[in-house]
Amino acid sequence: MMDLIKKYILDIETKPQENLIDICKNNIKVPKTYKDEEKIQAYIDDKVKELKKKMSVDTDYADIICIGLKEIGKEPKLISNKELEELLKKDCILITYNGKGFDIPLLIKYGIKNNLDLPYQKLREMTKRYSTLWHIDLMEIIGDYGQYKSLDELLQIYLGISKKPIDFETATEEEIKEHCLDDICQTELLYNKFKKII
């Protein structure tokens, strides 16, 4: 029965949610040992530079640039919020890399913030450790008891290929979307390599 359910590779690319940047900036605490105004400002400036990456990987502060989806054996595509709502209401299995730790919790919080009509209880079920009923997280499957490696490292080890490098600090939105599509294709290759143990 489960073999008949469609499987989709999912990946999400993020950026800081613009209207939350000031909240995050206000959380910067200068060590009490800093007394010199120039050093204090330099410290704050350094922390502000780190905010983009920090906010982009924080499920409370992140905003979605794009959602990549690829049905197994089909072409990859970027989908809208509406398409996401429709997909998640059907019986389907999502395949991710670190989806239990990031992508699915992000979808839950993003959906709540944006009043999306998502099956939130089902999404919460998808974050349960070691369950592969509705969600296969390859990082969990391949990583032995927390010995996790990056997707790129596993691609090199098991498939002899590398992810195309990208600098998220300087990349355009179009380059990030292209990176998302590449990621879901490479995740499918890794899934195909390991599906006999899932």
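## A look inside the sheet and its loops

At 3% relative accessibility, Leu10 counts as buried, because anything under 20% gets that label. Keep in mind that this is a predicted model.

So where does Leu10 sit? Leu10 is part of strand β1, which covers residues 6-16. If you skip its neighbours within four places in sequence, Leu10 is in contact with Ile67, Gly68, Leu69, Leu94, Ile95, Thr96, Ile104, Leu107 and Ile184. Ile65 is 55 residues away from Leu10 along the chain, and the C-alpha atoms of these two are separated by 14 Å.

Now let's zoom out to the sheet. Five strands make up an open sheet with mixed pairing, and their order is β3-β2-β1-β4-β5. The edges are β3 (77-79) and β5 (135-137), each of which pairs on one side only. Going from one strand to the next, the twist averages 35 degrees. Strands β1 and β2 run antiparallel and pair over nine bridges. In that pairing, Thr14 stands opposite Ile64 in β2.

Helices come in here too. α2 packs on the sheet and touches β1 and β2, with its direction at about 155 degrees to that of β1. α4 also packs on the sheet, where it touches β1, β2, β4 and β5, and its direction makes about 70 degrees with that of β1.

What about the loops? Take Thr59, found in the loop between α2 (37-56) and β2 (62-71). Is Thr59 buried or exposed? Thr59 counts as buried, because its relative accessibility is 11% and the cut-off is under 20%. Its side chain makes a polar contact with the side chain of Lys109, at 3.1 Å. Setting aside neighbours within four places in sequence, Thr59 is in contact with Phe102, Pro105, Leu106 and Lys109.

Most residues other than glycine have a negative phi. Asn98 has a positive phi without being a glycine, and Asn115 is a non-glycine with a positive phi too. Here they are together:

| Residue | Phi | Loop | Relative accessible area |
|---|---|---|---|
| Asn115 | about 55 degrees | between α4 and α5 (120-125) | 70% |

Asn115 is exposed, because its 70% is over 50%.

How values were computed. Residues are numbered from 1 along each chain as its sequence is written. This is a predicted model: local features need pLDDT of at least 70, side-chain atom pairs count only at pLDDT 80 or more; totals for chains, interfaces and linings use all residues. Side-chain values use heavy atoms; hydrogens and water are left out. Helices (H or I, at least four residues) and strands (E, at least two) are DSSP runs, numbered from the N terminus. Buried means under 20% relative accessible area, exposed over 50%, partly exposed in between (1.4 Å probe, protein chains only). A polar contact is a pair of N or O atoms within 3.5 Å; within protein, one must be able to donate a hydrogen and the other to accept it, and residues adjacent in sequence count only if both atoms are side-chain atoms. Contact means heavy atoms within 4.5 Å. Two strands pair if DSSP finds at least two bridges between them. Axes are lines fitted to C-alpha atoms, for helices over the stretch in contact, and angles run from 0 to 180 degrees between N-to-C directions.
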